[in-house]
Amino acid sequence: MPKIEEEWKPLANWEDSYEVSDYGRVRSVGRTILRPYLTTFRKKVVHPKILTKTLDEDGYYRVCLSRNGKSLMYRIHILVFKPL
């Protein structure tokens with residue numbers, strides 16, 4: 001019998017920001033972050049969404065994860081293999 005429900009797990013080292021499913025989809029977690037602005041901070045609300053995957057030159061799908069203004073590309077099959 002085919003599996004209907006998608007199971008989501010937090011990503012290791014990205015628990016507060018991203019989750020990965022057993023179907024190979026990656027989504028951001030809804031959260032509020034503080035961003036520096038002049039001498040204060042501004043709140044930014046991040047709504048949950050499925051991330052867009054791209055195909056790299058080796059034929060693997062990857063997604064871009066970002067934290068503190070820095071972005072890193074990860075291959076999805078590695079993220080599915082290593083959830084929390």
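Let's start with a charged pair: D58 and R75 meet side chain to side chain in a salt bridge, 2.7 Å from N to O. The cut-off for a salt bridge is a Lys or Arg side-chain nitrogen within 4 Å of an Asp or Glu carboxyl oxygen. D58 sits in the loop between β7 and β8, and R75 in strand β9, so the pair ties together parts 17 residues apart in sequence.

A word on the model. It is predicted, so local features need pLDDT of at least 70 and side-chain atom pairs pLDDT 80 or more, while totals for chains, interfaces and linings use all residues. Residues are numbered from 1 along each chain as its sequence is written, and side-chain values use heavy atoms, with hydrogens and water left out.

Back to R75. D56 also meets R75 in a salt bridge, at 3.0 Å, N to O. That pair spans 19 residues, from the loop between β7 and β8 to strand β9. D56, D58 and R75 are linked in a network of salt bridges. Is D56 buried or exposed? D56 is buried, at 9% relative accessible area. R75 is partly exposed, at 28%. The cut-offs: buried is under 20% relative accessible area, exposed is over 50%, partly exposed is in between, with a 1.4 Å probe and protein chains only.

The whole structure holds five salt bridges. Another of them joins R27 and E19, at 2.7 Å, N to O.

Now the strands. DSSP runs define them: E, at least two residues, for strands; H or I, at least four, for helices; numbering goes from the N terminus. Pairing takes at least two DSSP bridges between two strands. Two bridges join β7 to β8, and T54 stands opposite R62 in β8.

Elsewhere, β4 (residues 31-37) and β5 (residues 40-46) pair antiparallel over seven bridges. Their hairpin has two residues between the strands, and L38 takes a positive phi near 55°.

Last, the core. What makes up the largest nonpolar core? Ten residues: L11, W14, Y18, V20, V26, L51, V63, L65, I76 and L79. Such a core is a set of buried Ala, Val, Leu, Ile, Met, Phe, Trp, Tyr and Cys residues joined through side-chain atoms within 4.5 Å. β2 (18-21), β8 (61-67) and α1 (76-81) each give two or more residues. Beyond four places in sequence, L65 has contacts (heavy atoms within 4.5 Å) that include L11, W14 and L79.
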